[in-house]
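Dear colleague,

Please find below the structure that I am handing over to you, together with its sequence. My notes on what was found in it follow directly after.

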Amino acid sequence: MAVAPLSICFSARPNLLLCNFSRPKFFAMAAMSEDPIREWILTQGKATQITKIGSVGGGCINLASHYHTDAGSFFVKTNRSIGPAMFEGEALGLEAMYETRTIRVPKPHKVGELPTGGSYIIMEFIDFGGSRGNQAELGRKLAEMHKAGKSSKGFGFEVDNTIGSTPQINTWSSDWIEFYGEKRLGYQLKLARDQYGDSAIYQKGHTLIQNMASLFENVVIEPCLLHGDLWSGNIAYDTNNEPVILDPACYYGHNEADFGMSWCAGFGESFYNAYFKVMPKQPGYEKRRDLYLLYHYLNHYNLFGSGYRSSAMSIIDDYLRMLKA
């Protein structure tokens, strides 16, 4: 059920976080100042001097800066037009991954509002190395995160967040098949129908949702902490060649779902071999693999247009034939 990936992968992070939640203490808003970023760095950041502020390239939605100080470096992202909800969702995901003490992620420090409008996030600055890194180590560390990051609340997350610029609904559910069908595939299919009038993919996609339970027979599914948007642009390696994962769209879900962007991540055999030594492959994995690709192809269709429709429809049609639905 192979689907030929397009040659270009996209990632966007405007912020349409549709959530309202109690913020942890480290996200509490400080009294507004003329420069709240500088104020935090020179107080809670324990610096006495900011020696240099450099621009960091690579982002298409937010501005990124490297603050050099006598207490170390900080990475700061700002968005001049959107409030702090997006960065709060990002920080909650980073903190959840950081707390597993498995794979390296930048520790979030502070989220706040800018006095002229917009928002910012301050986090740990990580120096990246020039190497593409060790894929086996990436696979092992990701599996360790999945194994360590569990939830007693079921499948979902503390807040809704975004996948690219698309809202990602994370309301808790005790049933993974229901959660994935309604809040992942179903939500994307509705967007495609509403945005493009695409009733064909909507109807076929819902037929798949209604019949996909058999793909999970004899599978034990535990809620694992997922990065949620694991493609090559969100994977790096530090100067010690240790993997680092960035810009999450976190939630608790079936561990296999974190391979959904594999068509844009370049995972090789060494990655999967190392991963499955820690988190053993479950029955029917190969049959479910494209089901998790489908969510991201649908999202790319909704974000970037019809170039991704054929890949999504091909997966749906293949499953409908397999399931005789």
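Among contacts in the chain between residues at least 6 apart in sequence, those that join residues at least 24 apart make up 70%. The chain has 325 residues, of which 55% count as buried, and its secondary structure comes to eight helices and 11 strands.

Please bear in mind that this is a predicted model. The mean pLDDT of the chain is 90, with 89% of its residues reaching 70 or more. Over residues 1–8, however, the pLDDT is below 50, and the model gives this stretch 16 contacts beyond near neighbours in sequence. Residues 10–32 also stay under 50 in pLDDT, and for them the model has 67 contacts beyond four places in sequence.

Helix H3

Helix H3 covers residues 135–148. At the start of H3, a side-chain oxygen of Asn 134 comes to within 3.0 Å of the backbone nitrogen of Ala 136. The buried residues of this helix are Gln 135, Glu 137, Leu 138, Gly 139, Lys 141, Leu 142, Ala 143, Met 145 and His 146. They pack against helices H2 (85–99) and H6 (269–278), and against strands E8, E9 (235–237) and E10 (243–245).

Salt bridges

The count of salt bridges comes to 22. One of them joins Glu 144 to Arg 140, with the closest N and O atoms 2.6 Å apart. Both residues lie in H3, four residues apart, or about one turn of the helix. An α-helix has 3.6 residues a turn, so residues three or four places apart point the same way. Glu 144 counts as partly exposed because its relative accessibility is 24%; Arg 140 is likewise partly exposed, at 30%. A network of salt bridges links Glu 137, Arg 140, Lys 141, Glu 144 and Glu 242.

A salt bridge is also formed by Lys 150 and Glu 222, whose closest N and O atoms are 3.4 Å apart. Lys 150 lies in the loop between H3 and E6, and Glu 222 in the loop between H5 and strand E8 (224–226), so this pair ties together parts that are 72 residues apart in sequence. Lys 150 is partly exposed, with a relative accessible area of 36%, and Glu 222 is partly exposed as well, at 46%.

The side chains of Lys 153 and Glu 158 meet in a further salt bridge, at 3.2 Å from N to O. Lys 153 is partly exposed, with a relative accessible area of 45%, and Glu 158 also counts as partly exposed, at 45% relative accessibility.

Helix H4

Helix H4 runs over residues 176–196 and has 21 residues. From its first C-alpha to its last it reaches 28 Å, close to the 30 Å expected at 1.5 Å a residue. Where does H4 bend? The bend is at Gly 186 and amounts to about 40°. Gly 186 is also among the buried residues of H4.

At its start, a side-chain oxygen of Asp 175 reaches to within 2.9 Å of the backbone nitrogen of Ile 177. Just after the helix, Gly 197 takes a positive phi of about 65°.

Thr 166

Is Thr 166 buried or exposed? Its relative accessible area is 4%, and therefore Thr 166 is buried. The side chain of Thr 166 makes a polar contact of 2.6 Å with the side chain of Asn 299. Leaving aside neighbours within four places in sequence, Thr 166 is in contact with Asn 161, Tyr 187, Gln 188, Leu 191, Asn 299 and Leu 303.

With kind regards

Note on methods:
Residues are numbered from 1 along each chain as its sequence is written. This is a predicted model: local features need pLDDT of at least 70, side-chain atom pairs count only at pLDDT 80 or more; totals for chains, interfaces and linings use all residues. Side-chain values use heavy atoms; hydrogens and water are left out. Helices (H or I, at least four residues) and strands (E, at least two) are DSSP runs, numbered from the N terminus. The expected span of a helix is 1.5 Å times one less than its number of residues. The bend at a residue is the angle between axes fitted to the seven residues ending there and the seven starting there. Buried means under 20% relative accessible area, exposed over 50%, partly exposed in between (1.4 Å probe, protein chains only). A polar contact is a pair of N or O atoms within 3.5 Å; within protein, one must be able to donate a hydrogen and the other to accept it, and residues adjacent in sequence count only if both atoms are side-chain atoms. A salt bridge is a side-chain nitrogen of Lys or Arg within 4 Å of a carboxyl oxygen of Asp or Glu. pLDDT is the predictor's confidence in each residue, from 0 to 100. Contact means heavy atoms within 4.5 Å.
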